[in-house]
Amino acid sequence: MRKTTVSDALFERAQNLFPGGVNSPVRAFKAVGGTPVFLARGQGARVWDADGNSYLDFLGSWGPLILGHADPDVVAAIESTARRGTSFGASTDREVLLGEAIRAAMPSMERMRFVSSGTEATMSALRVARGYTGRHRFIKIDGGYHGHADALLVSAGSGLATLGLPACAGVTEGAAADTIVVPFNDETAMRTAFDAYQVAAVIIEPIPANMGLIAPKPGYLKSVRQMCDAYRALLIFDEVISGFRVGRGGAQALFGVRPDLTCLGKIVGGGLPLGVFGGQSVIMSEVAPEGPVYQAGTLSGNPLAMAAGLAVLRKLDQSAYERLDALGRRLEAGIKDALAATGVAAQLHRVGSAFTLFFCAESVTDFASAKRADTGRYARFFHEMLDRGIYLPPAQLEAGFISLAHQEDDIDAFVAASREALATIH
Ligand SMILES: Cc1ncc(COP(=O)(O)O)c(C=O)c1O
């Protein structure tokens, strides 16, 4: 049995301090039940909790840790940078170096700006799109998550293409009114929205990973690009998860679609707080002090985040992605066997080293179908896996991640645990 005494006690104290006992809602385990584990340490593919239990980590801090925990080169870069000062509020050479590395990997990001989170990146990219086009409405995908800026915390009403309603208390109808919500993988709905409204931009995760991982159907992203061109709207790719995850060039290279603006976060910051937005040079000219769209940050371009990001990007060559994909294929094959052996109605979605096991029989192509997955069954699977030393996303509609620190043995341990867990919950 897992020991939980220390985690339980910490959670008790944390609930006195933080709403739900956490500093980001999904950490509270509400979607799977039980008391969240408090993590104390991470090394490579493993984490240890405050009670000393160890787990193989397939969450990777929700995506950033593509090298695993405490990679020696990342730690060394952070240490040596910290010794020379942690923040200046002035420009440093490392901003230039990281900016150049990002542009070399993603040429559509001709110019960019560093911020401190994915939320800031998407919020700022939208503001720039509105400033550049002079239009205020924008299209977002139902179930797409872009952080917690007001206009992006919006859900769809009924119908194909609907004006948004606030999905969150404290967001005004005004803030939501300019958001038009359409289902993923549905060109007709997007065209209907474009026909009905003047739109500044489409903001989209090219590979949605916040309604579980869902791949775009063939040709979908290209046709979104074409519609943006036809209706003179900007295309914003939110690659906070897919950027540097599915390849060095992100989803835009994988699918051969060039967005006007891109948002990055997670991997690019090497586990430190960093977001980036950027794109066509002429569009980025809108940003202050060059243009009228104000955007700023005390800690923007923070030296530690720059150093960590550079250390990670240096290691992400072609062979790194081939290895991640090989590990992903191994995991997929093992899970498919386990599903066949146990007869559980579930399906594994995988793009490279990102994956979701959906507990449903029908195919999942958008938020509506994702929501039909059996979340109760996922919750039981999650706890069976946790008890077997495997740490997964604590919610069905999220993605898990493999890192370069995982070895074949770790994938096999994941598959063996899954086989037992699936048999138990069946
Ligand atoms: C696709 C996507 N965009 C934006 C964000 C927001 O990033 P952050 O949590 O760093 O604000 C997230 C966070 O999970 C994300 O997955």
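**Note on the predicted model: loops, domains, cavities and a pocket**

1. Asn185 has a positive phi of about 65 degrees, although this residue is not a glycine. Asn185 sits in the loop that runs between strand S9 (179–182) and helix H6 (187–196). The model is a predicted one, and the values below are to be read accordingly.

2. Elsewhere, Ala288 and Pro289 are joined by a cis peptide bond with an omega of about 10 degrees. Pro289 is placed in the loop between helix H9 (281–284) and helix H10 (303–315).

3. The domain assignment divides the protein into domain 1 (5–66 + 317–425) and domain 2 (72–315). Taken over C-alpha atoms, the centres of domain 1 and domain 2 are 25 Å apart. To the contact, domain 1 contributes 27 residues and domain 2 contributes 25 residues.

4. The area buried between domain 1 and domain 2 is about 2000 Å², and carbon and sulfur atoms give 62% of that area. On the domain 1 side, the residues that lose the most area to domain 2 are Tyr321, Val351 and Phe367, which together account for 29% of what that side buries.

5. The largest cavity has a volume of about 90 Å³. It is lined by 15 residues, of which Phe355, Thr356, Leu357, Tyr378 and Leu392 are the closest to its centre. Strand S15 (354–358) and helix H13 (375–387) each supply at least two residues of this lining, and S15 gives the most, with three residues. By class, the lining of the largest cavity has eleven nonpolar, three polar and one charged residues.

6. The second largest cavity has a volume of about 70 Å³. Among its 13 lining residues, those closest to the centre are Asp57, Gly60, Leu65, Ser403 and His406. This lining divides into four nonpolar, seven polar and two charged residues.

7. The second largest pocket holds about 690 Å³ of space. Its lining comprises 30 residues, and Ser91, Glu95, Met112, Arg113 and Phe114 are the closest to the centre. Helix H3 (93–105) and strand S4 (111–115) are the elements that give two or more residues to this lining. H3 gives the most, with five residues. The lining of the second largest pocket has twelve nonpolar, eleven polar and seven charged residues.

Conventions:
Residues are numbered from 1 along each chain as its sequence is written. This is a predicted model: local features need pLDDT of at least 70, side-chain atom pairs count only at pLDDT 80 or more; totals for chains, interfaces and linings use all residues. Side-chain values use heavy atoms; hydrogens and water are left out. On a 1 Å grid over the protein atoms alone, a cavity is a set of points where a 1.4 Å probe fits but cannot get out, and a pocket is an open set with protein on both sides within 12 Å along at least five of seven lines; lining residues have an atom within 4 Å of a point. Grid points are joined across faces, edges and corners, and a volume is the space filled by probe spheres set on the points. Helices (H or I, at least four residues) and strands (E, at least two) are DSSP runs, numbered from the N terminus. Ala, Val, Leu, Ile, Met, Phe, Trp, Tyr, Cys and Pro count as nonpolar, Asp, Glu, Lys and Arg as charged, and the others, Gly among them, as polar. Domain bounds come from an automatic or database domain assignment. Contact means heavy atoms within 4.5 Å. Buried area is the accessible area (1.4 Å probe) that two parts lose on being put together, summed over both.
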